[in-house]
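Please look at the structure shown here and follow the explanation below, which goes from paired strands to aromatic rings and ends with a pocket.

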Amino acid sequence: MLTVYLLRHGETFWNADGNRYCGATDIGLTDKGIQQAQGAARLLNGISFDAIYSSPLQRAFRTAQIASGKPEEVVTDARLTEASFGDWEGKTRDEFIAEKPELWDNWCASPDDTRAGGCGETAMEVVNRVDDFFRDIRQKHDGQTVLVVAHNAVNRFYMAWKLGMPLKNYRRLMQDNSTITVFTLDEENEFSLLKLNCR
């Protein structure tokens, strides 16, 4: 059994600016985002992690360094990078819906096989790489506890899929900035959600 503490990064400059889609664009943390990561560190204090993994994007990596209190132990893995949202990145939802409303409608109806922003990833492409990551670390850290710091869409797509939800419902799972979700993966990679969106 693997126990995973899954953490979303702190607030970014684009989160603070009308919630512009960051996606795979490498956007830094605001002062508030750093404070949120420090708050997560207080929640995680006293938990012993056998490994710490992070997306390589700076907003996640910096959050992992702060929240873990062990910056030198953070290992990055590209499979945890946020979903590529294509032409939607840097724009608010209102802005890109106004440009191509049909594309947003297609995404909402079937993100499994619709490319986000027209040229980004599909939800299943994201799920496949994130699932590959968790299968690897379950084998590597069987019986252990790990901290994983990633992103809003990546985390929610993976959890929705493991819970058997249609991927179009991924936004029904909440994970605010620097909140903690806890789940386990057993020997058959069965997923059990223990805590969601804790702060």
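Two strands are said to pair if DSSP finds at least two bridges between them. In this predicted model, strand S5 (residues 180-185) and strand S6 (residues 191-198) pair in the antiparallel sense, and 5 bridges join them.

We turn next to the aromatic rings. A pair of aromatic rings is described by the distance of the centres and the angle of the planes. Across the whole structure 19 aromatic pairs are found. In one of them the ring centres of Trp-107 and Tyr-170 are 6.5 Å apart and the planes stand at 80°, so this pair is edge-to-face. Trp-107 belongs to helix H5 (residues 101-109), whereas Tyr-170 sits in the loop between H7 and S5, so that the pair links distant parts of the chain, 63 residues apart. Tyr-170 is buried, with a relative accessible area of 3%. The rings of Phe-157 and Tyr-170 have centres 4.2 Å apart and planes at 35°, and the pair is therefore tilted. One aromatic cluster includes Trp-107, Phe-157, Tyr-170 and Tyr-21.

Finally, the largest pocket has a volume of about 410 Å³. Among its 21 lining residues, the closest to the centre are Arg-8, Asn-19, Tyr-21, Asn-152 and Arg-156. The lining divides into 6 nonpolar, 7 polar and 8 charged residues.

How values were computed. Residues numbered from 1 in each chain as written. Predicted model: local features only at pLDDT ≥ 70, side-chain atom pairs only at ≥ 80, totals over all residues. Heavy atoms only, no water. 1 Å grid on protein atoms, 1.4 Å probe; cavity = no way out; pocket = protein on both sides within 12 Å on 5 of 7 lines; lining within 4 Å. Points joined across faces, edges and corners; volume = space filled by probe spheres on them. Nonpolar A, V, L, I, M, F, W, Y, C, P; charged D, E, K, R; others polar. Helix = DSSP H or I, 4+ residues; strand = E, 2+ residues; numbered from the N terminus. Phe/Tyr/Trp six-rings, centres within 6.5 Å; stacked < 30°, edge-to-face > 60°. Buried < 20%, exposed > 50% of the residue type's maximum accessible area, 1.4 Å probe, protein only.
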